[in-house]
Amino acid sequence: MKKIFFLLLAIISICFFNGCYRDNLKELKPQAAACDSVNTITYQSDIKAIIAVNCVSCHSSKGGTQPYFDTYPNLANYSSTELLAVIAPGANKPMPPSSPLSQSDISKVKQWVNGCRPYGKVVVTPCDTSVAMSFSTNIASILTANCTNGCHNNVGLGHSLLTVADVQNDTFIVYHNISSLVYSLIDTIPSRRMPLGRPELSACQIAKIRRWVLEGAKNN
Ligand code: HEC
């Protein structure tokens, strides 16, 4: 009888816990079992490039340093506590040894771990495109992070996309019609898809740019 009572108690508390878990996803994030369901960072879109640029020269059969991080299973199966520990600022054995990851890369790896290290798009991306897109609020940050840092900035390769006027007057975009800006992001030919050689923009980012373009690519 006592056993049945405890069993019931256990079942009730599990149900209760799950209820709380759904309501308070954020507070419970550190719980090992809870995957952050609003996570949008995936191996395919973000983490692979970060690791390729910063770790694989050493951590691969070519580089010869274990653990190897040159494939998704190798990285995803490695202890995430350990992974986060070595990239944290002030780590005991900081990785990469001489040039730490940027704060934004570290936070991406953290989000990826919190999301239970997804390979590709496995979660619904919350994306609010219900309001009109404003260049300064919604679009500029996407261009800054993905287009004008290193390339489309008057200095690097590629025409400038620094300002709305640059985007509107860009000869390539004008010639091909402003929607070519959106098309360049979804082009299936890798040598033409922007950002060139970098991870694709997320569906949400592309949707925001598309909406801004459809509304006339305004300086708003
Ligand atoms: C220049 C070469 C180099 C690069 C680049 C590099 N590592 Fe390492 N890594 C090493 C070496 C060497 C060791 C072994 C150090 C030791 O055990 O003292 C190591 C050890 C590790 C370990 C194991 C630590 C332990 O305590 O066993 C992890 C995890 C790790 N690196 C992660 C990374 C990650 C993640 C990156 C990229 C963000 C990275 N490393 C970039 C050379 C490198």
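Which residues in H4 meet which residues in H5? Ser80, Leu84 and Ile87 in H4 meet Ile106, Val109, Lys110 and Val113 in H5. The legends below describe this contact and other close-up views of a predicted model.

**Figure 1. Overall architecture of the predicted protein chain.** The protein chain contains 10 helices and zero strands, and its elements follow the order α-α-α-α-α-α-α-α-α-α from the N terminus. Of its 220 residues, 16% count as buried. Among contacts between residues at least 6 apart in sequence, 60% join residues that are at least 24 apart.

**Figure 2. Contact of helices H4 and H5.** The axes of H4 and H5 come within 11 Å and cross at roughly 170 degrees. This angle makes H4 roughly antiparallel to H5. By class, five nonpolar, one polar and one charged residues make up the contact of H4 with H5. Helix H4 spans residues 80–87, while helix H5 spans 103–114.

Figure 3. Leaving aside residues up to four places away in sequence, Leu84 touches Val109, Lys110 and Val113. Leu84 and Val113 are 29 residues apart along the chain, and their C-alpha atoms are separated by 8.6 Å. Leu84 counts as partly exposed because it has 15 C-beta neighbours inside 10 Å.

**Figure 4. Shell around the ligand.** The ligand is surrounded by 16 residues, of which Asn54, Cys55, Cys58, Met95 and Pro96 are the closest. Helix H4 gives the most to this shell, contributing four residues. By class, the shell divides into 10 nonpolar, four polar and two charged residues.

**Figure 5. Helix H2 and its packing.** Helix H2 covers residues 43–54, and its end C-alpha atoms are only 14 Å apart. A straight helix of 12 residues would reach 16 Å at 1.5 Å a residue, and H2 falls short of this span. Within H2, Ser45, Ile47, Ile50 and Ile51 are buried. The buried residues of H2 pack against helix H3 (72–76) and helix H5 (103–114).

**Figure 6. Ala52 in helix H2.** Ala52 is partly exposed because 13 other C-beta atoms lie within 10 Å. Asp70 is 18 residues from Ala52 in sequence, and the two are 7.3 Å apart in space, C-alpha to C-alpha.

Figure 7. Most peptide bonds are trans. Pro195 is found in the loop between helix H9 (180–186) and helix H10 (203–214).

**Figure 8. Positive phi at Asn154 and Ala217.** Most residues other than glycine have a negative phi. Asn154, which is not a glycine, has a positive phi near 80 degrees. Asn154 lies in the loop between helix H6 (135–146) and helix H7 (164–169), and it counts as exposed because it has 11 C-beta neighbours inside 10 Å. Ala217 has a positive phi of about 45 degrees, although it is not a glycine. Ala217 lies in the segment after H10, and it counts as partly exposed because it has 19 C-beta neighbours inside 10 Å.

Note on methods
Residues numbered from 1 in each chain as written. Predicted model: local features only at pLDDT ≥ 70, side-chain atom pairs only at ≥ 80, totals over all residues. Near = placed C-beta within 6 Å. Helix = DSSP H or I, 4+ residues; strand = E, 2+ residues; numbered from the N terminus. Nonpolar A, V, L, I, M, F, W, Y, C, P; charged D, E, K, R; others polar. Expected span 1.5 Å × (residues − 1). Buried ≥ 20, exposed ≤ 12 C-beta atoms within 10 Å, placed from the backbone. Contact = placed C-beta atoms within 7 Å. Axes fitted to C-alpha atoms, helices over the stretch in contact; angles between N-to-C directions. Parallel < 35°, antiparallel > 145°, perpendicular 65-115°, else oblique.
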